[in-house]
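Here is a walk through one structure. Please keep the sequence and the 3D view at hand.

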Amino acid sequence: MKYALRRVLQAVVVVLLAYVFTFVVISVLPGDPVTNTLRNPQNGFSEEEIQRIVAYYGLDRPVHEQLWQSLSRFVVGDLGVSLRSGLPVSRLISEVLSSTLVLAASALGVALVLAFAIGFGTQYLPKRYGQGLLRAFPSLFLSVPNFVIGLLLINVFAFQLGLFRVIDSEGGLATLFAAIALGIPVSARIAEVLVANLDHESAEEYASVARSRGLGRTGLLLRHLLKPSSLPVVTVVALAVGELLGGAVITEQIFGRTGIGSLVERSVTTQDLPVLQAVVTLAAIVFVGVNLIADLVYPLLDPRVRLGESRSRPKVEVAA
Amino acid sequence: MSAAVALPTVRSFSTRSVPVGVVISFAVVVFVLAWSFLPGFFTSHDPAVGVPADKFQGPSSAHWFGTDHLGRDLFARVVHGSSSSVTSALIAVLIAVVVGGLIGLVAGFVGGWADTVLSRLVDVLLAIPEFLLAVIVVSALGFETINVAIATGVSAVGVFARVMRSEVLKTRRAVFVEASYLQGGARWHILTRHVLPNASRSVFTLAVLQFGFAILIIAGLAFLGYGDPPPASDWGLLVSVGKNYPLAPWLVYAPALVMIATVLSVNRISRWLRKTD
């Protein structure tokens, strides 16, 4: 319990620091982007509105005061106001959040299915035929840029076969193909771990014993190998959450979807910094949260692991 | 005495036989590196000037990868593009190794509050998705290829810092380091003589792996248009422009295949290095 509390506290600190970090990165910007964006006649802000936003962000005051102000707002859940539209950032995000969540969840589903298919395949296919090819898949998947996968899928399934259209892209099939594009690199990371674990477990003595007792390949796989091999996948999936969120920027652009990724892309082109900062912090929250949960839940799934033990290594002080 | 002792990093390369796949991978990487440093040596076509009459020609013996919408030779554009794509990836890895390595070294070797502070910083760097981190850094610095390289490097600092720190901690606790301390070895001596050589192997393997990932991230950023605009011909940008001409699919496939072959080779080499450890 004490361990859990410490981890939660640590996670909160990391999230706050992530906010500060993004703020610092963004204020490195040469020139005065905030004022530039505000004064840009394209955005059509009246002088009053500009004054209001300048006062809101404390833009007429020193940087550390600005940071303090936006940080204290962030702590109570206020993500600020978009410089482009003047709308609250939290509203902009919540409008598109569900689309990205659906995409990311489907991508994760695709990744898991693919990874387990590869993992099982390596156990079933004969060593000579097919297995080597199957084993090469993960490193191939990791070597293809995800925009190439997306363009390939669109070219074959949308343009040639006409299965879906890229224009009204929120349909089921369009989402599925976007999820495949986003999920393939993630599946590679899961498959790598899964295949290695299956190999390791099937070489263990208990597996030989089970085989010698006449247990078939499927029985061995399902009854003995599957559970210990797939537990570490939890950790990999948690780490892959970041990749799903980052990859969404490109996947959403290619498939013409509106979501967090396209919001990022638009905010980058329009230099809408509060939106960028909010999204990045949100991504950090999701990532830290998911990994925290994975770490805390893991020992419940795998009784061999005990919390805190590996962390409380005796500290060796070197005499200087 | 000290001069006769070979560094542990050099030893394992020569003694083992090298698999065919790795040899091919090395060949691909050497080729691409040669492209990027001497692009003019491999193609006589100008990457920026085209012959309008020759536009949208498929791959042929005159134009290996075909020509684009302005009649420019795509092979020349890919070769010249590699000099910015591959160099950017090298710069990115260099930044990640130096900055991340330093952070990890100080955190692991000095320990105490320096470790606490730096480890939190690394936690933050690791908590922000790599690609998003690269996107905000490049948008803060401005849309140029060199900034894309810097952003990609920054996004990988956390990984290197963490590996370096754990390697340093591991070595610092080793018995031979303790012995060296007891013999009166100075901190600086321990650092340069024992800790760095031992950590360098893992960091080097990671750097090779990261080189491949850096190519992908840089291509992604260039694809989104955050690098130099055309007529620059970064691989990602070539694909991004090429996708607008579905009737000339080679405009997408040629640069994509070059990219895939390069990253695949780099990953293969990295996997081999890990295995020979």
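**Where the chains meet**

Across the interface of chain B and chain A, two residue pairs are in polar contact, both at pLDDT 80 or more. A polar contact is a pair of N or O atoms within 3.5 Å; within protein, one must be able to donate a hydrogen and the other to accept it, and residues adjacent in sequence count only if both atoms are side-chain atoms. This is a predicted model: local features need pLDDT of at least 70, side-chain atom pairs count only at pLDDT 80 or more, and totals for chains, interfaces and linings use all residues. Side-chain values use heavy atoms, without hydrogens and water.

Helices here are DSSP runs (H or I, at least four residues), as strands are (E, at least two), numbered from the N terminus. α11(B) gives the most, with nine residues. By class, this side of chain B has 30 nonpolar, four polar and seven charged residues.

The contact (heavy atoms within 4.5 Å) takes 41 residues from chain B and 44 residues from chain A. Salt bridges across the interface number zero, by a rule that asks for a side-chain nitrogen of Lys or Arg within 4 Å of a carboxyl oxygen of Asp or Glu.

Now turn to chain A. Its secondary structure comes to twelve helices and zero strands. Chain A has 320 residues, and 49% of them are buried, meaning under 20% relative accessible area (1.4 Å probe, protein chains only).

Notes:
Residues are numbered from 1 along each chain as its sequence is written. Chains are lettered from A and ligands numbered from 1 in the order in which they are written. Ala, Val, Leu, Ile, Met, Phe, Trp, Tyr, Cys and Pro count as nonpolar, Asp, Glu, Lys and Arg as charged, and the others, Gly among them, as polar. Buried means under 20% relative accessible area, exposed over 50%, partly exposed in between (1.4 Å probe, protein chains only).
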